[in-house]
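Student: Could we go through this structure together? I would like to begin with the overall fold and then turn to particular residues.

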Amino acid sequence: MIETERLVLRDWTDQDRAAFHAMNSDPRVMATIGPPQTREEADAVIDDMRAKNREGLGLWAIERRADRRMLGFCGIGHAPAASPVEGELEIGWRLVHDAWGQGYAREAAEASLAWAWTHTVRAKIVAITTPGNVRSWGLMKRIGMTRVADGDFDHPALAEGDPLRRHLTYTIERPR
């Protein structure tokens, strides 16, 4: 679907399921996202992403071109319902631990934003993350996003008292 120098962002296949579960069951990857997932939970997430990808937006599998390895996902989807960013388009990503710090997330995020500016008419894209997810909000800044001053909120899908409930909001405006 989208190709960069080192990556292909593409739809999900059944062959991605084992690697996706391995990523989502890694406590290092999930530390600032949520509890590690069972195989059934990870499969349900892939099924959900595939269904949403058919609606025109997508959280696509990231495949490294050099060895065809699935490294995670990145893309543009609808922001969470019942949250302050509901109705907006949201960029998101997640990568396997051994791919961190190599520029893959930035490469995929910049390609996803370029796709969004070409294929949607939205004036802005948002991103959300937890305060402790320093890598994600650091990437948000590196790709040109800015923190929304009054955009912090408690994620409605997480229970009161959950240490990951508090979220930060970042945004980027459509280039002129």
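Student: In what order do the elements of the chain run from the N terminus on?

Tutor: They run β-β-α-α-α-β-β-β-α-β-α-β-β-β, where helices (H or I, at least four residues) and strands (E, at least two) are DSSP runs, numbered from the N terminus. The chain has 5 helices and 9 strands. This is a predicted model, in which local features need pLDDT of at least 70 and side-chain atom pairs count only at pLDDT 80 or more, while totals for chains, interfaces and linings use all residues. Residues are numbered from 1 along each chain as its sequence is written, and side-chain values use heavy atoms, with hydrogens and water left out.

Student: What is the radius of gyration of the chain?

Tutor: It is 15 Å, close to the 16 Å that the globule rule gives for 176 residues, so the chain is as compact as a globular protein of that length. The radius is taken over C-alpha atoms, and the rule is 2.2 Å times the number of residues to the power 0.38. Along the principal axes, the C-alpha atoms fill a box of roughly 40 × 40 × 30 Å.

Student: And how much of the chain is buried?

Tutor: Buried residues make up 49% of the 176 residues. Buried means under 20% relative accessible area, exposed over 50%, and partly exposed in between (1.4 Å probe, protein chains only).

Student: Now the aromatics. How many aromatic pairs are there?

Tutor: A search of the whole structure finds 3. Rings of Phe, Tyr and Trp (its six-membered ring) pair if their centres lie within 6.5 Å; planes under 30 degrees apart count as stacked, over 60 as edge-to-face and the rest as tilted. The ring centres of W12 and F20 are 5.1 Å apart and their planes stand at 75 degrees, so this pair is edge-to-face. W12 is buried at a relative accessible area of 3%, and F20 is buried at 0%. Together with F73, W12 and F20 form one aromatic cluster.

Student: What about W60 and W115?

Tutor: They form an edge-to-face pair, with 5.1 Å centre to centre and 75 degrees between the planes. The pair links distant parts of the chain, since W60 is in strand β3 (residues 58-64) and W115 is in helix α4 (residues 104-119), 55 residues apart. W60 is buried, with a relative accessible area of 2%, and W115 is also buried, at 10%.

Student: Back to F20. Which residues of helix α1 are buried?

Tutor: In α1 (residues 17-24), they are R17, F20, M23 and N24. Seen down the axis, they fall within an arc of 125 degrees, so they line one face of the helix; the arc is that of the directions from the helix axis to the C-beta atoms. The buried residues of α1 pack against α2 (27-30), α3 (39-53), β4 and β5.

Student: Changing topic: where is N133 found?

Tutor: N133 is in the loop between β6 (124-129) and α5 (134-142). It is buried, with a relative accessible area of 11%. Its side chain makes a polar contact with the side chain of T129 (3.2 Å). A polar contact is a pair of N or O atoms within 3.5 Å; within protein, one must be able to donate a hydrogen and the other to accept it, and residues adjacent in sequence count only if both atoms are side-chain atoms.

Student: Which residues does N133 touch, not counting those up to four places away in sequence?

Tutor: N133 touches T32 and I33, where contact means heavy atoms within 4.5 Å.
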